[in-house]
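Please open the model in a viewer and keep the sequence beside it.

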Protein chains: 2
Amino acid sequence: MEATKYTISMLVEDKAGVLNRVASLFRRRNFNIQSLAVGGSEQPGLSRMTIVVLADPAQVEQVRKQLDKLINVVKVTDLTDDDMVARELALIKVAATPSSRSEIIQIVDIFRANIVDVAAGSVTVEVTGDEDKVNSLFELLRGFGIKEIVRTGRIALTRGGASSKKIPSTKS
Amino acid sequence: MEATKYTISMLVEDKAGVLNRVASLFRRRNFNIQSLAVGGSEQPGLSRMTIVVLADPAQVEQVRKQLDKLINVVKVTDLTDDDMVARELALIKVAATPSSRSEIIQIVDIFRANIVDVAAGSVTVEVTGDEDKVNSLFELLRGFGIKEIVRTGRIALTRGGASSKKIPSTKS
């Protein structure tokens, strides 16, 4: 069966050891997590974890069930089949000379990205979008010399309720 | 000693088990990770992991040394004392009626956030900034009814080179 990218969203209790249990589960199954992001949720004491994993449908269903049984895991949702809003954030530090800087700024503007730091030899760019957008900007800036990049990995939410499928979403 | 928020940035090999080893280390020390984000880096085969942890200076120094010794961990940097650019991304799904929607849009504009999905009963907002900015927007939108929030946790880079301290950074 062919491996596909799955986005798993989990509501977990804000306790030491939760991440460890989740990571062990993926480790035992020998899954390489492509990205993982965890931060606060709308409910005090609970965090939301977003994991992107490459797996086949049978594997991911097994993992979903096992995650559901873990201590401190409140809810597991496989977002892959849902109509979801998915985004990631990256900070890219690019080498910049006085002469290349304006060209970099042009590219940054086209991508509706922002320059968040300027130094003598570099600029740092902040970009939000889906993985493809971040990758495209990265490729375009690569020619100038990438000093460092840090990415959050994907976060995602389902589109708003059943009605959302009938109402076109705004493009960011 | 008083606990402070530390930002640890790690360059790790893109292999199954790395996350597990890192999570176990924090677990054994009984540290609660406040946020964790992991995604690709500028080097093929390496990921960059950003961890925010509440600890005292002695604890964090011990953890840093132990992380440095882990298999598949290439480099560990404690960004806390550096002059860093730190950002996070959040998606917030807010309950919205035809009459409350324009007020929500106003707030979103003030925060230079974006609406990325509109449905009959809700709008989904994308916001990038530091933790305080995301928290402030969350608090303002809370009155309308928060349906769901997902956050990436902090990512961070040092400001550009030694020279950056002398050159004022642009504000996003």
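**First selection: a loop residue of chain B**

Select B:Asn30, which is exposed, with a relative accessible area of 55%. Here buried means under 20% relative accessible area, exposed over 50% and partly exposed in between, with a 1.4 Å probe and protein chains only. B:Asn30 lies in the loop between α1 and β2 of chain B. Helices (H or I, at least four residues) and strands (E, at least two) are DSSP runs, numbered from the N terminus. Although B:Asn30 is not a glycine, its phi is positive, at about 60 degrees.

This is a predicted model, in which local features need pLDDT of at least 70 and side-chain atom pairs count only at pLDDT 80 or more, while totals for chains, interfaces and linings use all residues. Residues are numbered from 1 along each chain as its sequence is written, chains are lettered from A and ligands numbered from 1 in the order in which they are written, and side-chain values use heavy atoms, with hydrogens and water left out.

Is B:Arg112 buried or exposed? With a relative accessible area of 67%, B:Arg112 is exposed.

**Chain A as a whole**

Now display chain A by itself. Chain A has four helices and nine strands, and from the N terminus on its elements run β-α-β-β-α-β-β-α-β-β-α-β-β. The C-alpha trace of chain A spans about 55 × 40 × 40 Å along its principal axes. Of its 172 residues, 53% count as buried. Contact means heavy atoms within 4.5 Å. Among contacts in chain A between residues at least 6 apart in sequence, 74% join residues at least 24 apart.

Bring chain B back and colour the strands. Eight strands form an open sheet in the order β4(A)-β1(A)-β3(A)-β2(A)-β2(B)-β3(B)-β1(B)-β4(B), with antiparallel pairing. Two strands pair if DSSP finds at least two bridges between them. Which strands stand at the edges? They are β4 (73-78) of chain A and β4 (73-78) of chain B; each has a single partner strand, so one side of each is left without a neighbour in the sheet. Neighbouring strands of this sheet are turned by 20 degrees against each other on average, direction ignored. Axes are lines fitted to C-alpha atoms, for helices over the stretch in contact, and angles run from 0 to 180 degrees between N-to-C directions.

Within the sheet, select strand β1 (residues 4-13) and strand β3 (residues 46-55) of chain A, which pair in the antiparallel sense over ten bridges. The bridge partner of A:Val12 in β3(A) is A:Ser47. Helix α2 (residues 57-69) of chain A packs on the sheet and touches β1, β3 and β4 of chain A; the direction of α2 makes about 160 degrees with that of β4(A). Helix α1 (residues 18-28) of chain B also packs on the sheet, touching β2 (33-40) of chain A as well as β1 (4-13), β2 (33-40) and β3 (46-55) of chain B.

**Where two helices meet**

Select helix α1 (residues 18-28) of chain A together with α1(B). Their axes come within 8 Å and cross at roughly 150 degrees. The two helices are therefore roughly antiparallel to each other, a label given to angles over 145 degrees, whereas angles under 35 count as roughly parallel, 65 to 115 as roughly perpendicular and the rest as oblique. In this contact, A:Leu19, A:Asn20, A:Ala23, A:Ser24 and A:Arg27 meet B:Leu19, B:Asn20, B:Ala23, B:Ser24 and B:Arg27.

Eight of the eleven residues of α1(A) are buried, so this helix is largely enclosed by the rest of the structure. Among them are A:Val22, A:Leu25 and A:Phe26. The buried residues of α1(A) pack against β1, β2, β3 and α2 of chain A together with α1 and β2 of chain B.

Finish at B:Val76, in strand β4 of chain B. B:Val76 counts as buried, at 10% relative accessibility. Not counting residues up to four places away in sequence, B:Val76 touches B:Ile8, B:Ser9, B:Met10, B:Arg64, B:Leu67 and B:Asp68. B:Val76 and B:Arg64 are twelve residues apart in sequence and 6.7 Å apart in space, C-alpha to C-alpha.
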